[in-house]
Amino acid sequence: MRMTDIQRCEIRPGRLVEWTLAATTVEAARGLPEDARPASYVQEFHLRSARSVRDQGLFVPNWLGAAFDLPGPVDLGVLEGALHAWTARHETLRSGFRWVDGELRRFTLEVGAVALDRADVGEFTDGAVLARRLQDRFDRTAEALVWPNFLFSAVLREDGASVYLAFDHSNVDAGSIYRIPAEIHELYAAGLAGRAARLPSAASYVDFCAAERGEADAIDGGHPTVGRWREFVRRCGGTMPPFPVDLGIDPAGPMPPQRFLSEPLVGDADAAAFEAYCRPYGGSLVGVLAATALILRDLGETEVYRTIVPFHTRAKSHWAHAVGWFVGGVPIEVPVAASTELRGALETVRGQLRANRALARVPIARAIAVLGEEFPQASPDPCSFVSFADTRDMPLSARWAELRAYGLVRVSYGSQVCVWVTRSHEGLWFASRFPDTDVAHKNLRRYTEALRDLVASVARLREADRAPVG
């Protein structure tokens, strides 16, 4: 599934229909007692950051979403039933937060209280106008400081429908987004056939939040993970690591608008050869990070590439099919002297990830809070990062290209650089959001082209090594 923004996901004209939680459901939620299960640390950081930015007078949409097609003609009632069943299936969508004396307090609806309201918006004959309409609606409804904070839409045509779902980030991560097309397709197919859906059980992210928080709250300043973060932050100059190239922004200035870059990196054959080359060191994740370290050394003249690597926290199979924000971060440091080549960088990255992988179990926000650090909120993203995901094992992934399946990223404001490299059946896909300056665009373009060239050169090298002699 390609990560992109809503302007680049092949939106075609048609009749727009929307679903949100019914007014009766929202009213019922107002009278709910407190749910003792707390917010996760990443949820609380996200919500407090959103409120802080709003208090500064800036509206920063930061939702995630999914887009995919259903073959037609589509039965609207059956689709509505599928969306209702999917909402009831995942408890985080039935759960929200209230602010009480500056603290977050959770409330959670029972499954039986969930109902959806449908609105027939009307016909759209221009795809660009429709894309703007979808983005505007998602901005207003799928945001951190309102509840419900998600919206479902479908664009109906004679040959089928395109489904667009958007969520505030507090409910979902990329791993959740990748699972949505298959689940909705199965629920819809089951509804058409009049049978029970064949889906594995899905645990509750709300339960995960409580379990994770209980463990994290027991951590103090003497914990080894806190010590590692203390050293890392100190070597970063007392802050989170930036993307080490000139971005053309004023650190003391207002939060800059962002720009988006989304395009194929290499095809399947080159991606497979790159993966094979990197496999002895841990695979393509290690390869992408090692390549990034070397490229940014040349672009930014940095001697040590420091970054935070996102890792999922679905450590137990129990959480595999849950929708939620299951992401932790691992700090790594990659010395890249002028003489360092790819194999040396691969070995270093492998060693760093092996040594620090367990740190992802402790939420970054908890470790930083124990340190007593407070970083200025210059972006909805707490730090720059390079993320890698192999999505080929995700259900229905072999049909994603046929179904026009996309992961959606909202691009609005922020001073950080966020990079997603995704391995699909078609190859490697690159996406990034970054400050919208000429300098940043030039340097991100240079980084992207250098990463493409390096991956392709490794692939050619591997093919040459396998070629017959004589």
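Colleague: What should I keep in mind about the model before we start?

Modeller: It is predicted, so local features need pLDDT of at least 70 and side-chain atom pairs count only at pLDDT 80 or more, while totals for chains, interfaces and linings use all residues. Residues are numbered from 1 along each chain as its sequence is written, and side-chain values use heavy atoms, with hydrogens and water left out.

Colleague: Which residues is Phe 167 in contact with, leaving aside its neighbours within four places in sequence?

Modeller: Contact means heavy atoms within 4.5 Å. With those neighbours left aside, the partners of Phe 167 include Trp 63, Leu 64, Trp 86, Phe 150, Phe 152 and Ile 180.

Colleague: Now the sheets, please. What is the strand order in the open sheet of seven strands?

Modeller: Helices (H or I, at least four residues) and strands (E, at least two) are DSSP runs, numbered from the N terminus. Two strands pair if DSSP finds at least two bridges between them. The seven-strand sheet runs β1-β13-β3-β8-β7-β2-β6, with mixed pairing. At its edges are β1 (2–4) and β6 (116–124), each with a single partner strand, so one side of each has no neighbour in the sheet.

Colleague: How do I read the pairing of β1 and β13?

Modeller: They pair in the parallel sense over three bridges, and Arg 2 has Tyr 406 in β13 as its bridge partner.

Colleague: And which strands does β2 pair with?

Modeller: β2 and β6 run antiparallel and are joined by eight bridges, with Leu 116 in β6 as the bridge partner of Leu 21. β2 also pairs with β7 in the antiparallel sense, over five bridges, and there Glu 18 stands opposite Ser 153. Six of the eight residues of β2 are buried, so this strand is largely enclosed by the rest of the structure.

Colleague: What is the order of the four-strand sheet?

Modeller: That open sheet has the order β9-β15-β14-β12, again with mixed pairing. β9 (258–267) and β12 (385–390) are its edge strands, each with a single partner, so one side of each is left without a neighbour in the sheet. β12 and β14 (residues 418–424) run parallel and share six bridges, and Ala 389 stands opposite Thr 422 in β14.

Colleague: Where is Tyr 178 found, and is it buried or exposed?

Modeller: Tyr 178 is in helix α5 (residues 174–193), and it is buried, with a relative accessible area of 5%. Beyond its neighbours within four places in sequence, it contacts Met 1, Met 3, Ala 389, Thr 391, Met 394, Trp 400 and Thr 422.

Modeller: Axes are lines fitted to C-alpha atoms, for helices over the stretch in contact, and angles run from 0 to 180 degrees between N-to-C directions. Angles under 35 degrees count as roughly parallel, over 145 as roughly antiparallel, 65 to 115 as roughly perpendicular and the rest as oblique. Helices α2 (residues 41–55) and α6 (residues 205–216) pack at about 95°, with axes 9 Å apart, and are therefore roughly perpendicular.

Colleague: At what angle do α7 and α11 pack?

Modeller: α7 (residues 224–235) and α11 (residues 364–371) pack at about 75°, with their axes 9 Å apart. They too are therefore roughly perpendicular to each other.

Definitions and conventions: Buried means under 20% relative accessible area, exposed over 50%, partly exposed in between (1.4 Å probe, protein chains only).
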